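Subject: A structure for you to look at

Hello,

Here is the structure I promised to pass on to you. Please open it beside this email and follow along as you read.

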Amino acid sequence: MPGSHWGVVASPVMRAFLSVGDEPASVSEPIPTGCSPIDDLLDGGFPRGAATQIYGQPAAGKTNLALGAAVEVAASGSSALFVDTEGVSVDRMEQLAAARGDVESIASNIIISEATTFEEQEQAVRDAAELASQVELIVLDSATGFYRLKRTEQQEGEALRAVARQITHLLAQARKHDLSVAFTNQVYTDPESDGTRALGGHTLNHWSAVVLRLDRFRGGNRRATLEKHQSKAAGDTATFQITGDGLEGVEEF
């Protein structure tokens, strides 16, 4: 990303960024997302020591929510690692950063690791351990984008097991360093229910302390539904809209 403020790195050279940011305090407060109704839904934000799964259809707001949390961390003076498999928009990141403060200051606290293949994604996730002691949030966006390229059942099965290993690796870092992990996930059409479900099913849900579904909603809004939480009952919802400054709550009628 030429000319960008953002610390974009390829996975093999992530060690060059070990000095970025301060070590996070050893606390248990969740990581706020920057969207008040979603934070309320999540009991404060993404929990530490755990993995949060955000899934939904395209344009439901998954990446915007993940980016918003990374910017919130960076604006507070701490650091976040964003593993990008889908080509994150630098313009969008700068929009969110500008709404929270000085763009250069915030950008210096977000490390972006780009992955253009499933193998690069695996490497980036492995290398996250090198930075885990110095960040408060690790985002994997998306965990299953390359998984969808697998064509045979055997390939899909192997890819799903690989994704599960990646999530458990990040989860181990979250527990060791008291940080938060969030990963976005895509959907598939379930012919039995004629609806959509998260890719990876029970396998990825098992390792997720929180599962949040995002859907496009009436009036151009979005709806977040809490499907799993480590300390709250499932089923509650929050409505929000995507704006130039980030995600904003919408009053439900």
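Below is what I found, going from the whole chain to single residues.

Please keep in mind that this is a predicted model.

**The whole chain**

The chain has 253 residues, and 51% of them are buried. Its secondary structure comes to seven helices and 12 strands. If you take the contacts between residues at least 6 apart in sequence, 70% of them join residues at least 24 apart. The accessible surface is about 11200 Å², and carbon and sulfur atoms account for 46% of that area.

**Helix α5**

Which residues of α5 are buried? They are Phe 118, Gln 121, Ala 124, Val 125, Asp 127, Ala 128 and Leu 131.

**Asn 64 in helix α2**

Next, find Asn 64 in helix α2, which covers residues 62-75. Is Asn 64 buried or exposed? With a relative accessible area of 18%, Asn 64 is buried, because buried means under 20%. Its side chain makes a polar contact of 2.7 Å with the side chain of Arg 92. Leaving aside residues up to four places away in sequence, Asn 64 touches Arg 92, Leu 96, Ile 242 and Leu 247.

Gly 77 is partly exposed, at 35% relative accessible area. Although Gly 77 and Ser 105 are 28 residues apart along the chain, their C-alpha atoms are separated by 8.4 Å.

**The largest pocket**

The largest pocket has a volume of about 240 Å³. Which elements give two or more residues to its lining? They are β8 (195-198), α7 (201-206), β9 (210-216) and β10 (222-228). Among the lining residues are Tyr 55, Tyr 188, Arg 197, His 202, Asn 205, Arg 213, Glu 227 and Lys 228.

Strand β10 also contains Leu 226, which is buried with a relative accessible area of 1%. Leu 226 and Val 210 are 16 residues apart in sequence, and their C-alpha atoms are 7.8 Å apart in space. Val 210 is also one of the residues that Leu 226 touches, and others include Leu 41, Leu 42, Leu 212 and Asp 236.

**Some backbone details**

- The peptide bond from Asp 141 to Ser 142 is cis, with omega near 0°. Ser 142 sits in the loop between β5 (137-141) and α6 (153-177).
- Ala 59 has a positive phi of about 65° although it is not a glycine. You will find Ala 59 in the loop between β2 (50-56) and α2, where it counts as exposed at 53% relative accessibility.
- Asp 178 is not a glycine, yet it has a positive phi of about 55°. Asp 178 lies in the loop between α6 and β6 (180-185), and it is buried, with a relative accessible area of 18%.

Enjoy exploring, and write back with any questions.

Best wishes

Methods:
Residues are numbered from 1 along each chain as its sequence is written. This is a predicted model: local features need pLDDT of at least 70, side-chain atom pairs count only at pLDDT 80 or more; totals for chains, interfaces and linings use all residues. Side-chain values use heavy atoms; hydrogens and water are left out. Helices (H or I, at least four residues) and strands (E, at least two) are DSSP runs, numbered from the N terminus. Buried means under 20% relative accessible area, exposed over 50%, partly exposed in between (1.4 Å probe, protein chains only). A polar contact is a pair of N or O atoms within 3.5 Å; within protein, one must be able to donate a hydrogen and the other to accept it, and residues adjacent in sequence count only if both atoms are side-chain atoms. Contact means heavy atoms within 4.5 Å. Accessible areas come from the Shrake-Rupley method with a 1.4 Å probe; for residues, only the protein chains shown count as cover. On a 1 Å grid over the protein atoms alone, a cavity is a set of points where a 1.4 Å probe fits but cannot get out, and a pocket is an open set with protein on both sides within 12 Å along at least five of seven lines; lining residues have an atom within 4 Å of a point. Grid points are joined across faces, edges and corners, and a volume is the space filled by probe spheres set on the points.
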